[in-house]
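This report is meant for someone meeting the structure for the first time.

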Amino acid sequence: MDIIFGRNKKEQLEPLRARVTGRIPAWLQGTLLRNGPGMHTVGETRYNHWFDGLALLHSFTIRDGEVYYRSKYLRSDTYNANIEANRIVVSGFGTMAYPDPCKNIFSKAFSYLSHTIPDFTDNCLINIMKCGEDFYATMETNYIRKINPQTLETLEKVDYRKHVAVNLATSHPHYDDAGNVLNIGTSIVDKGKTKYVIFKIPATVSGGGKKGLSPLKHMEVFCSIASHSLLSPSYYHSFGVTESYIVFLEQPFKMDILKMATAYLRGASWASCLAFHREDKTIHIIDQRTRKSVLTKFYTDPMVVFHHVNAYEEDSCLLFDVIAYEDSSLYQLFYLAKLNKNFEENSRLTSVPALKRFAVPLHMDKNADTGSNLIKLSSTTARALKEEEDQVYCQPELRYEGLELPRINYAHNGKRYRYVFAAEVQWSPIPSKIIKYDILTKSSLKWGEVHCWPAEPVFVPTPGAEDEDHGIILSAIVSADPHKLPFLLVLDARTFTELAHASVDVEMHLDLHGLFIPGADWDAGKQAPSREERDRAAERRVAPRTW
């Protein structure tokens, strides 16, 4: 597994033309921009956890049936400091590092106060966020980094704390039809309170064309939710929205703030300050019109959710789908020592991710009997059982076991939808399939190839499409076979048949998340040669090159 998880990857700074097999639809023009860890050792030092690896951006630009690939490390402050020192000097969540390798307990203690609430890394390796006309590499700290989507150049560093009081924020924001961004972050012990802050970033800022009117400078707090515990807020990776509501799971995977405050002194990682508490499992439903939580108290069985799939309203009920785990063991699996040794054995000790549907009533029937099911929908077997004191126990419907990294046709986000596109994960050493799951029929279509590990599938709709699945699925495929080149996969989203794949002779890294930018300008930043340049090059070519 070291070929996938542990080996540092080289940058591909100049656009590299891929070898396309099959035919890419003529309408598919744009750039698939992706993010994930690509460097796990610096000098003689090594990160402990895969999620700590230095961010490596890469892109596939598609135009006129051709594909060009490039990759570049995010030049974060973290990257620059590590490379300059030729060792890891900035801590990640699973790796505690010290600027001075000779630092002793007394100098650690001297730095203790400055680490009470840690100044986290800006190694933004998880996702790409669109904000107005700009794009940002993101992770789950208070930092994001602006990037050039054509050249992958790293631009300015943004600290959320200068605009909204949050120490952490998700890498999975939501976008409305106008392009406004909705996200959620955690404010740790701010003015004696710990809370979850939902904030909005406008897509545009009016100002008569004046410079400096960045949407990020016009963030606003939409609402906030008090944490159940001052010193143990919940960890979360995403949240759900409908047209009128926000779904936030205050789950039992929690951060111990006191342990985090002493982690630097103790030489312990921040990941060691996360713990699973089975007694806490709250579902918060926020009404977007009042900006307040509904009064009914909803809860469910203990679980850990990294990815919400979608949510929508139906007949006075709110339905939301998530990928749920029984515990927090997945995070433990991604320590590099476990990934690269006895991976198959270790992976089977983790709980299996399951697509689960929850249903909550938006209007409580106060006359309903205690213990009665408040959900009357025929579309789901999920239940909401009334208990005393306006409390409701939510029992989900199990839809499918063994999938992760879910995506949908985003035009249906917050609305009734039918299809989930995801990576099938049955916890074999090499998960090798992409799945299209039909929520209505509970059937599925799959694509898979031996020795291939597909990344998160991204849906791109056909222009003018009316059907939800009328479009293309794109996925970056990493091969576990060193003799097989990685490639960009192009699937027909309706039939799940392969239309084309574009192979590139590089050591591609396994990424996490990203997005497709339609109609991206190839020539901006010399992303790829123009058609005229390619034609002239072909005329000048005397004989084919042999390799």
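## A buried threonine and its contact

In this predicted model, Thr300 counts as buried because its relative accessible area is 3%, and buried means under 20%. Thr300 is found in the loop between β23, which covers residues 297–299, and β24. A polar atom of the Thr300 side chain lies 2.8 Å from the backbone oxygen of Cys394.

Glu313 is partly exposed, with a relative accessible area of 30%, and it takes part in a negative surface patch together with Asp176, Asp177 and Glu243.

Another threonine, Thr170, is placed in the loop between β12 (168–169) and β13 (174–175). Thr170 is buried as well, with a relative accessible area of 2%.

Two polar partners are found for the side chain of Thr170. The side chain of Thr170 reaches the backbone nitrogen of His172 at 3.2 Å, and it also makes a polar contact of 2.5 Å with the side chain of Asn183.

## Two residues with positive phi

Lys191 has a phi near 55°, a positive value in a residue other than glycine. Lys191 sits in the loop between β14 (181–190) and β15 (193–201), where it is exposed, with a relative accessible area of 79%.

Phe496 also has a positive phi, near 60°, and is likewise a residue other than glycine. Its place is the loop between β37 (487–492) and β38 (498–503). Is Phe496 buried or exposed? At 5% relative accessibility, Phe496 counts as buried.

## Salt bridges

How many salt bridges does the count come to? The count comes to 25 salt bridges. One of them joins the side chains of Arg75 and Glu11, with a distance of 2.3 Å from N to O. Arg75 lies in the loop between β7 (66–73) and α2 (77–85), and Glu11 lies in the loop between α1 (2–5) and β1 (12–17), so this pair ties together parts that are 64 residues apart in sequence. Arg75 counts as partly exposed at 28% relative accessibility, and Glu11 counts as partly exposed at 25%.

A further salt bridge is formed by Asp64 with Arg63, the closest N and O atoms being 3.7 Å apart. Asp64 is partly exposed, with a relative accessible area of 34%, and Arg63 counts as partly exposed at 26%.

## A distant pair and a network

Asp467 forms a salt bridge with Arg494, and the closest N and O atoms of this pair are 2.7 Å apart. The pair links distant parts of the chain, since Asp467 is in the loop between β35 (458–461) and β36 (471–479), while Arg494 is in the loop between β37 and β38, 27 residues apart. Asp467 counts as partly exposed at 41% relative accessibility, and Arg494 is partly exposed with a relative accessible area of 36%.

Beyond such pairs, salt bridges that share partners join Arg34, Arg407, Glu456 and Asp511 into one network.

Terms used. Residues are numbered from 1 along each chain as its sequence is written. This is a predicted model: local features need pLDDT of at least 70, side-chain atom pairs count only at pLDDT 80 or more; totals for chains, interfaces and linings use all residues. Side-chain values use heavy atoms; hydrogens and water are left out. Patches are made of residues with over 30% relative accessible area and no salt bridge: like charges are joined within 9 Å, nonpolar side chains (Val, Leu, Ile, Met, Phe, Trp, Tyr) within 5 Å. Accessible areas come from the Shrake-Rupley method with a 1.4 Å probe; for residues, only the protein chains shown count as cover. A salt bridge is a side-chain nitrogen of Lys or Arg within 4 Å of a carboxyl oxygen of Asp or Glu. Lys and Arg count as positive and Asp and Glu as negative; His and the chain ends are not counted. The place of a charge is taken as NZ of Lys, CZ of Arg, CG of Asp or CD of Glu. Buried means under 20% relative accessible area, exposed over 50%, partly exposed in between (1.4 Å probe, protein chains only). Helices (H or I, at least four residues) and strands (E, at least two) are DSSP runs, numbered from the N terminus. A polar contact is a pair of N or O atoms within 3.5 Å; within protein, one must be able to donate a hydrogen and the other to accept it, and residues adjacent in sequence count only if both atoms are side-chain atoms.
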